[in-house]
Structures are given as structure tokens and as C-alpha cells.
Amino acid sequence: MLFGTVVGQVWATRKDPSLVGMTFLVVRETTLDGAPTSTFVVAADAVGAGVGEAVLVAQGSSGRQTELTQGKPVDAVVMAIVDRVDVEAPAEAPVRRAA
Amino acid sequence: MKLGRVIGCLWATRHDASVDGLRMLVVQPVRADGTDAGRPFASLDTVGAGVGETVLVATSTEAGFPFGRPVVATDATVVGIVD
């Protein structure tokens, strides 16, 4: 799942009938420390996330693997709101075997 | 499937019911020589992998298969620890 921040919402009155009632969020992909990147994705909201919250987005056919989106034309879903990320100190140089 | 290195853990109290009780990790994708390849992503875990371990990650819908639930909202799951 990609790390992102909810930055907005999308309204679309004319849409596939199976999407009626869903909320669509604009999510900006972020780095692990929350810094924004230049990538955005529109995702169905399965968890009730709001603007400014750090979220996880499942993409591709996995976007359909929630009760909300099952069998529907959705390819990205916000499936968790991130409370906390614990990451090791900057990656050590990978161990390389001598030739 | 992808190769990755576990670099951290992740907590999300509010989540889709399909991932209830499942452990989440932060995985840095790596190349075969262990160097980083792209941005870290969040992944579920079936094998109890720990920070620093090199792992095998199943992606796409197949990432939900190991859990035996009708649906699992994940596009990445650690399914093996590389020896």
C-alpha cells in the first residue's frame, strides 16, 4: 500500500450506478516522514478518512477487496488511517559478499 | 513477487474490517544485490518477518490469498523470508 495524505475530495454526480454513495478522496503520495511527492491518486474511502489524515491506499484489483468496493469499478481504496510508523535509522549499506 | 527489506512497523487503529488483526510492516523494495529500488510501501505479513530481514512480497489481489478471508484489502503481503 502506498503512504499518502488526504488532500481533498471528488464529487461526480454522473457516475456508474454501483459507485453511488461512495466517497472519493484525493490522496497525495508521501514519503515515510510525510513529505509530499508529486503523485496523486483518487481512491474510494473505506474507512472515513478526512483531509489532512495520513492513510494507506491499496491499488489495482486489490482496490476491490473491501466490503465497500467488492465487485465495483474501483482500482484504489483508502483502507487504513495511519497512527504511527516506526522505521529503522537510515538504511545501512547492504552486506555484499566478497567476489 | 518482489524482493524487499523490512524497515519498520506500522499501526493503523482505524482500518477496513477485512484487515482486522493483521500485522503491518514497512518494506523497502530492493534489487537482487540488496540496493534500494524505489519508495517504501506498507505491507501485511503472514510469516512474522522482523526489521532488517530480506523478504518476498506478493503483490496485487494475490496478496490477500494467504489469509483465507473472502476479501482482504491489501496489495502487498510478506509471504516469505529470504535465506
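What average pLDDT does chain A have, and what percentage of the residues score at least 70? In this predicted model, chain A averages a pLDDT of 91, and 89% of the residues score at least 70. Chain A has six strands and zero helices, and chain B likewise has six strands and zero helices.

**Confidence**

- Over residues 93-99 of chain A, pLDDT stays under 50, and the model has three contacts beyond four places in sequence for this stretch.
- Where pLDDT is low, the predicted coordinates should not be read in detail.

**Chain A: strands and pairing**

- Along the sequence, chain A follows the pattern β-β-β-β-β-β.
- Strand 1 (residues 2-10) of chain A runs antiparallel to strand 2 (residues 24-30) of chain A, and six bridges join them.
- Strand 2 of chain A also pairs with strand 3 (residues 36-45) of chain A, in the antiparallel sense and over six bridges.
- Of the 99 residues of chain A, 32% count as buried.
- Among contacts in chain A between residues at least 6 apart in sequence, 53% join residues at least 24 apart.

- From the N terminus on, the elements of chain B run β-β-β-β-β-β.
- Chain B has a radius of gyration of 12 Å, which agrees with the value near 12 Å for a compact globule of 83 residues.
- The C-alpha trace of chain B spans about 35 × 25 × 20 Å along its principal axes.
- Of the 83 residues of chain B, 45% count as buried.
- Residues 24 or more positions apart account for 54% of the contacts in chain B with a separation of 6 or more.
- F65(B) lies in the loop between strand 5 (54-59) and strand 6 (76-81) of chain B.
- F65(B) and T77(B) are 12 residues apart along the chain, and their C-alpha atoms are separated by 9.3 Å.

**The largest nonpolar core**

- The largest nonpolar core has 47 residues, of which L56(A), V57(A), V77(A), V78(A) and M79(A) touch the most other members.
- Strand 5 (residues 76-81) of chain A contributes the largest share of this core, five residues.
- In soluble globular proteins, nonpolar side chains tend to be buried together.
- Beyond its neighbours within four places in sequence, V77(A) is in contact with residues including A43(A), V57(A) and T69(A), and also with A73(B).

**Contacts between the chains**

- In the model, 30 residues of chain A are in contact with 34 residues of chain B.
- Strand 1, strand 4 (54-59), strand 5 and strand 6 (84-87) of chain A each supply at least two residues of the side that touches chain B.
- By class, this side of chain A has 17 nonpolar, eight polar and five charged residues.
- Strand 5 of chain A pairs with strand 2 (residues 14-15) of chain B in the antiparallel sense over two bridges.
- A80(A) stands opposite H15(B) in strand 2 of chain B.

Notes. Residues numbered from 1 in each chain as written. Chains lettered and ligands numbered in written order. Predicted model: local features only at pLDDT ≥ 70, side-chain atom pairs only at ≥ 80, totals over all residues. Helix = DSSP H or I, 4+ residues; strand = E, 2+ residues; numbered from the N terminus. Core = buried A, V, L, I, M, F, W, Y, C linked by C-beta atoms within 7 Å. Buried ≥ 20, exposed ≤ 12 C-beta atoms within 10 Å, placed from the backbone. Contact = placed C-beta atoms within 7 Å. Pairing = 2+ DSSP bridges. Nonpolar A, V, L, I, M, F, W, Y, C, P; charged D, E, K, R; others polar. pLDDT = per-residue confidence, 0-100. Rg over C-alpha atoms; globule rule 2.2 N^0.38 Å.
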